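Here are my notes on the model you sent over.

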Amino acid sequence: MKSMEVLSCTKQGNILRVVKEITNDDNSKELQLHIMREDTLEWRAAEYDIDPEDRDTLIDMVIYEPYLDPNDSQLYSCADRFEAKTKCLEKIRAKKNQLRRPSDASIKKVGSQRGTLTVPEEYWDERDPYDAIMEESVIDRQAIEIKKRHVDLTFQLRDRLGGQSRTPRSEELERALARRQSRKSEA
Amino acid sequence: MPRYRTDNQDLIDKIVDLKKRITRLEKQRKLGTSALDSGAIRVPIGGLLTVVDDAGERRFLIYSDENYVPNLVRIAVFGDTQVTTMHVSSSELDGINQTYLQMYTDVNGANIDRGSLELFNNGAILSVEDSGVFDRIHIRNLAPYGTNGTLYMVGRWPDESQLSSEDALYTGSRSVSAGVSSVTISYPTTFASTIVPIIGLHSASGVVTWAVTAQSASSFTVAWSGTTAKIINMWNIRL
């Protein structure tokens, strides 16, 4: 992918539908639909400790997240959400710079359309897409604090289990099985 | 030698005292046909153990009801407007052993909500009734719903709903109108570990070339040839 531009955002029910124009490496263009639930920004604010007033950072986090290397965007591979904020936002900004569409006077601005391709009427909205994403999202500071607690608990659970999928009970079972095996060997 | 004997008045006093105590006992609440026997409280079938508050209102009671289900014990807790009852029973019928645990809430005699766990020697049922509507999950061998190892479920999966990063599944169906050639779906919250998109692409216009082109704990992308309308059906599993 050579570049990406956000063209429009509409809402249907509790789902936000963001249309992006993708320029591929061979300069062909296509439209991509990015779907997210209305509280996705709330969750990202909690997960990465982003101030909900920092509109662009918050929206960039969601918009550019799908283009990161999956290993780079693993929230729970970080020590906590504070490390995640530092590590992941740095990569988001780098990706945004990489995919920024160069200024091109030839891109048509016919009527209310923004990009080269025509956005389907169902997905078109005249508002600035970042304004629309912010206005259509549900963002509540109290909810963010609650979600932060969930994120922190998930980090603690991961640490308590040693980053593995086993439960403490299964560790006891393995020790018991090991003792049994040991006794069998001795017999 | 003096002759030691009980004074008549002492004896009379003792008899009077004994009579008073017997009278007091007769007026007090009795065990009736129940008994305290070697530390055990024995209550006959149909009997009750009731706990009351200072105002004499029932707070909870334990009783057996063999007329309903053999070996059934009910524990009922009385709230201000509702009664929450738990049934516990163990029985054997036609070679099938069953332990039955059911909890239901009765609000002023209506709108019964019920959760049940029925355990058999050859199967189990976990079920929920919400205002009379059943959603049951059957597990393993339980006639007439299958044979050994059969997993039978009744109910619906949520449509793009996520409660937490620990959810095991992310399910749903999303329509995409004509004009786009790919869709990215962001999960509301980042999953705590790898979640694998299992996707079905519904293309009403005919066969297309398509693939999942990106996946992570926070989103996935499906792309296809052409730009006709599609339906993305998802059954994503967390590993």
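1. Let me start with Asn236(B). Leaving out residues up to four places away in sequence, Asn236(B) touches Ala168(B), Leu169(B), Tyr170(B), Tyr187(B), Ile195(B), Val196(B), Pro197(B), Ile198(B), Ile199(B) and Phe220(B). Keep in mind that this is a predicted model. Asn236(B) belongs to strand β18 of chain B, which covers residues 230-238. Is Asn236(B) buried or exposed? With a relative accessible area of 0%, Asn236(B) is buried, the cut-off for that being under 20%.

2. One distance to go with that residue. Asn236(B) and Leu11(B) are separated by 225 residues in sequence, and their C-alpha atoms are 89 Å apart in space.

3. Now for chain B as a whole. It has 239 residues, and 29% of them are buried. Its secondary structure consists of one helix and 18 strands. If you take the contacts in chain B with a separation of 6 or more, 35% come from residues 24 or more positions apart.

4. Here are the corresponding figures for chain A. Of its 187 residues, 47% are buried. Chain A has six helices and three strands, and along the sequence they follow the pattern β-β-β-α-α-α-α-α-α. Among its contacts between residues at least 6 apart in sequence, 61% join residues at least 24 apart.

5. Six strands form an open sheet in the order β1(A)-β2(A)-β3(A)-β13(B)-β17(B)-β16(B), and the pairing is mixed. Which strands stand at the edges? They are β1 of chain A and β16 of chain B (210-215); each has a single partner strand, so one side of each is left without a neighbour in the sheet. Ignoring direction, neighbouring strands here are turned by 20 degrees against each other on average.

6. At the chain A end of that order, β1(A) and β2(A) run antiparallel and are joined by nine bridges. Within this pair, Ser8(A) stands opposite Val19(A) of β2(A). A helix, α4(A), packs on the sheet and touches β1 and β2 of chain A. The direction of α4(A) makes about 35 degrees with that of β1(A).

7. At the chain B end, β16(B) pairs with β17(B) (residues 219-224) in the antiparallel sense, over five bridges. The two strands are joined by a hairpin through three residues. Ala211(B) has Ala223(B) of β17(B) opposite.

8. On to the packing. As a general point, nonpolar side chains in soluble globular proteins tend to be buried together. The largest nonpolar core in this model holds 35 residues, and the members that touch the most others are Met4(A), Val18(A), Tyr48(A), Met61(A), Ile63(A), Tyr64(A) and Ile133(A). Two or more residues each come from β1 (3-12), β2 (15-23), α1 (40-47), α2 (55-64), α3 (81-99), α4 (129-136) and α5 (141-160) of chain A. Which element gives the most? That is α2(A), with six residues.

9. Val18(A) is worth a look in the viewer. Setting aside neighbours within four places in sequence, Val18(A) is in contact with Val6(A), Ser8(A), Cys9(A), Gln32(A), Leu33(A), His34(A), Met36(A), Ile63(A) and Ile133(A). Another core, of 26 residues, lies apart from the largest one, and among its members are Ile15(A), Leu33(A), Val176(B) and Val208(B).

10. How do α1(A) and α2(A) cross? Their axes come within 10 Å, at an angle of roughly 105 degrees. The range for roughly perpendicular is 65 to 115 degrees, so α1(A) is roughly perpendicular to α2(A). On the α1(A) side the contact is made by Thr40(A), Leu41(A), Arg44(A) and Ala45(A), and on the α2(A) side by Leu58(A), Ile59(A), Met61(A) and Val62(A).

11. Last, the cysteines. How many disulfides does the structure hold? Over all chains, the number is zero. Cys78(A) is in no disulfide, and its nearest cysteine sulfur, that of Cys88(A), is 4.7 Å away. A disulfide would need the two sulfur atoms within 2.5 Å. Cys78(A) is also buried, at a relative accessible area of 1%. Cys9(A), one of the contacts of Val18(A), counts as buried too, because its relative accessibility is 0%.

Methods: Residues are numbered from 1 along each chain as its sequence is written. Chains are lettered from A and ligands numbered from 1 in the order in which they are written. This is a predicted model: local features need pLDDT of at least 70, side-chain atom pairs count only at pLDDT 80 or more; totals for chains, interfaces and linings use all residues. Side-chain values use heavy atoms; hydrogens and water are left out. A nonpolar core is a set of buried Ala, Val, Leu, Ile, Met, Phe, Trp, Tyr and Cys residues joined through side-chain atoms within 4.5 Å. Buried means under 20% relative accessible area, exposed over 50%, partly exposed in between (1.4 Å probe, protein chains only). Helices (H or I, at least four residues) and strands (E, at least two) are DSSP runs, numbered from the N terminus. Contact means heavy atoms within 4.5 Å. Two strands pair if DSSP finds at least two bridges between them. Axes are lines fitted to C-alpha atoms, for helices over the stretch in contact, and angles run from 0 to 180 degrees between N-to-C directions. Angles under 35 degrees count as roughly parallel, over 145 as roughly antiparallel, 65 to 115 as roughly perpendicular and the rest as oblique.
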